[in-house]
Each structure stands twice: as C-alpha cells, then as structure tokens.
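Thanks, everyone. I have one structure for you today, and I will keep this brief.

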Amino acid sequence: QVQLVESGGGLVQAGGPLRLSCAASGRTFSTYSMGWFRQAPGKERDIVAAINWSGSNTVYEDSVKGRFTISRDSAKNTVYLQMNSLKPEDTAVYYCAVISLWPRGVSVWGHGTQVTVSS
C-alpha cells in the first residue's frame, strides 16, 4: 500500500506563492495518476488538480486555472502543487491522493497540510 506525506503548507499573505510537496512510498509511483484536493471548513473535499501517470495530462478546478500548477518527479516519487497569486478563498486543508479512476476517484489519501491565506 502506497503512503503519502504532504509538506509545504503554512501561512501566506494574499498574492503570495506556496509550493506543496507530496512524497510517496513504494516502487510503482510512476504508474499512478496523482491529485491534489482541498477541504475548507464547512465544505466538501473537492479536486484542485490532477496529473496522469506520465505527466502528459492535467486537469484543474476552474478557480485555480492559471494560478496553480501540478507536476511530478518520478525519480523522487514526488508530486508538487505550485500555487501562485493565492487568495483568502484558497484557505483549506490540502490533501494529496492516488487517483485510481480519472480524475476524481481516489484510492489513497494523504493526511493533509493546512494552507492559510491572509488578506
């Protein structure tokens, strides 16, 4: 069973950048599609971005298009979420996930990392 560990969350001012990382255990990382999801207080967890196993296909939630970029480094078993021009409404717990059914079907969740954007 693959395990996921997120890092890089924190407090940032509106307009600033932040990069999240998700390190995966296991030797089959390069075969997985991966995604980032987020959950704000009182809201459901929803997809932010996803990337397929080869990195050739990505999807983004509408509100983050042009601001967030998902990428992966299979040599490091790591997936990243570069977040630019952050807004207070981006405040949430961000979760890394293994996607078994493209693009929202998750089979493994990370524990999450808090991102707080101050105005």
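This is a predicted model: local features need pLDDT of at least 70, side-chain atom pairs count only at pLDDT 80 or more; totals for chains, interfaces and linings use all residues.

Start with the cores. As a rule, in soluble globular proteins, nonpolar side chains tend to be buried together. Here the largest nonpolar core has 28 residues. Which of them touch the most other members? They are L4, M34, W36, V79, L81, M83 and Y94. Now look at where the core residues come from. Strand 3 (18-24), strand 4 (33-39), strand 5 (46-51) and strand 7 (68-73) each supply at least two. So do strand 8, strand 9 (92-101) and strand 11 (113-118).

Next, charge. In general, side chains of opposite charge can pair when their charged atoms come close. How many salt bridges does a search of the whole structure find? Five.

Take R38 and D90. Their closest N and O atoms are 2.9 Å apart. R38 sits in strand 4, and D90 in the loop between strand 8 and strand 9, so this pair ties together parts that are 52 residues apart in sequence. Are these two buried or exposed? R38 has 14% relative accessibility, so R38 counts as buried. D90 is at 1%, and is buried too. The pair also belongs to a network: salt bridges link R38, E61, R67 and D90.

Now D46 and R104. Their side chains form a salt bridge at 4.0 Å, N to O. D46 is in strand 5, while R104 is in the loop between strand 9 and strand 10 (105-109). They are 58 residues apart, so this pair, too, links distant parts of the chain. D46 is partly exposed, with a relative accessible area of 41%. R104 is exposed, at 53%.

One more bridge. K65 meets D62 at 3.0 Å, N to O. D62 is exposed, with a relative accessible area of 58%.

Last, T78. This threonine is in strand 8, which covers residues 78-83. The cut-off for buried is under 20% relative accessible area. T78 is at 10%, so T78 counts as buried. What lies 2.8 Å from a polar atom of the T78 side chain? The backbone oxygen of K76. Leaving out residues up to four places away in sequence, T78 touches S21, C22, A23, F29, S71, R72 and D73.

That is my tour. Questions, please.

How values were computed: Residues are numbered from 1 along each chain as its sequence is written. Side-chain values use heavy atoms; hydrogens and water are left out. Helices (H or I, at least four residues) and strands (E, at least two) are DSSP runs, numbered from the N terminus. Buried means under 20% relative accessible area, exposed over 50%, partly exposed in between (1.4 Å probe, protein chains only). A polar contact is a pair of N or O atoms within 3.5 Å; within protein, one must be able to donate a hydrogen and the other to accept it, and residues adjacent in sequence count only if both atoms are side-chain atoms. Contact means heavy atoms within 4.5 Å. A nonpolar core is a set of buried Ala, Val, Leu, Ile, Met, Phe, Trp, Tyr and Cys residues joined through side-chain atoms within 4.5 Å.
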